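Hi everyone, thanks for coming. Have a look at the model on the screen, and I'll talk you through a few parts of it.

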Amino acid sequence: MLLLFRLLGGLPLRLLHALGALFGWLAWFASPDYRRHLRENLGLAYPPDEAAAIRSAAIAHAGRGALELPRVWMRPQAEVVSLVRQVSGWELVEAAWRRGDGILFFTPHLGCFEITAQYYAARAPITVLYRPPKQRWLQPLIEAGRGGDKLHLARADLSGVRLLLRALQRREAVGMLPDQVPGRGEGVWAPFFGRPAYSMTLAARLTETAGTTVILAWAERLPGGAGFHLRLSPPDEAFAGSVATRAAQLNRALETLIRRCPQQYLWGYNRYKAPRGVGPPPC
């Protein structure tokens, strides 16, 4: 698999995205569970006609997201960063630097979510939260593709949480995918597109860290494999209140971001599952 990743990583992004669209449709036809999750999740967010119009593009983009990984993980950082053709909102980062703030980047499964931390790490240190993969052969690929001189990995456990807190206390950057389903005891039920979703409390708690600026980040895929447009924006509302309240605020912020380009969101992800040992959401 490592050899296959290296071979795919040498292909042009344009070709990977073309093959990825085909791969997305193969996954759609091969997995009934994937089809069900994608249909259900889109149906929660959009009326039937709009959901149907988004679905085909979302299937293709899911495949592109899978096949662009070798390019992002296996190529030198300078080459990967050069795929970012345009950046909007970088002034938010520079303003945080001037204030001496740490930066908390929230990146949902939207567009090329792997390249956002790589772009920042080419300029300043960032610590990224990750969950070790169930397939062990993926671990060295993740370490090679996500790690680096200024890109540090923090496992999703107590030791990793300490690393995140220390990074923010040093006024460095932290990145995470806040729309992942956390483990038992690590989340609260909060609305997400109108349905309760078990949402991570860690992301909500980190917004309480003094001297921290929250920035929403995602990288839009440009047509024809031309590269990516990195988009940075502030949340629409300031985070305040209890952890549960902040988790709900974060989900609303992610909804707003996703609605800007729903075709590139990973709708087939089983976002609404209850982790083992977690009871159903309150009525």
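**Pockets, a sheet and a helix pair**

Okay, let's start with the second largest pocket, which holds about 250 Å³ of space. Keep in mind that we're looking at a predicted model. Which residues lie nearest the centre of this pocket? They are Asp157, Val161, Glu186, Thr201 and Leu202, out of 16 residues in the lining. Two elements give two or more residues to that lining: helix H10, which is 158–169, and helix H11, which is 201–206. H11 provides the largest share, with 4 residues. Sorted by class, the lining of this second largest pocket has 9 nonpolar, 3 polar and 4 charged residues.

Let's zoom in on one pair of strands. E2, residues 102–106, and E5, residues 173–176, run parallel and are joined by 4 bridges. If you click on Phe105, its bridge partner in E5 is Gly175.

Next up, a pair of helices. When two helices pack, we describe them by the angle between their axes and the distance between the axes. For H2 (residues 13–30) and H4 (residues 48–67), the axes come within 6 Å and cross at roughly 115 degrees. The crossing of H2 and H4 is right-handed. On the H2 side, the contact includes Leu16, Phe23, Trp25 and Trp28, while among the H4 residues you'll find Arg55, Ile59, Arg64 and Leu67. Overall, the contact residues of H2 and H4 split into 10 nonpolar, 5 polar and 2 charged.

Last stop, the inside. How many cavities of 30 Å³ or more are there? The count comes to 1. The largest cavity has a volume of about 50 Å³. Its lining includes Phe192 and Phe193, along with Tyr265, Leu266 and Trp267. Asn41 and Arg271 are also among the residues that line this cavity. By class, the cavity lining comes out as 7 nonpolar, 1 polar and 1 charged.

Definitions and conventions:
Residues are numbered from 1 along each chain as its sequence is written. This is a predicted model: local features need pLDDT of at least 70, side-chain atom pairs count only at pLDDT 80 or more; totals for chains, interfaces and linings use all residues. Side-chain values use heavy atoms; hydrogens and water are left out. Axes are lines fitted to C-alpha atoms, for helices over the stretch in contact, and angles run from 0 to 180 degrees between N-to-C directions. A crossing is left-handed if the near helix is turned anticlockwise from the far one by less than a right angle, and right-handed if clockwise. Contact means heavy atoms within 4.5 Å. Ala, Val, Leu, Ile, Met, Phe, Trp, Tyr, Cys and Pro count as nonpolar, Asp, Glu, Lys and Arg as charged, and the others, Gly among them, as polar. On a 1 Å grid over the protein atoms alone, a cavity is a set of points where a 1.4 Å probe fits but cannot get out, and a pocket is an open set with protein on both sides within 12 Å along at least five of seven lines; lining residues have an atom within 4 Å of a point. Grid points are joined across faces, edges and corners, and a volume is the space filled by probe spheres set on the points. Two strands pair if DSSP finds at least two bridges between them.
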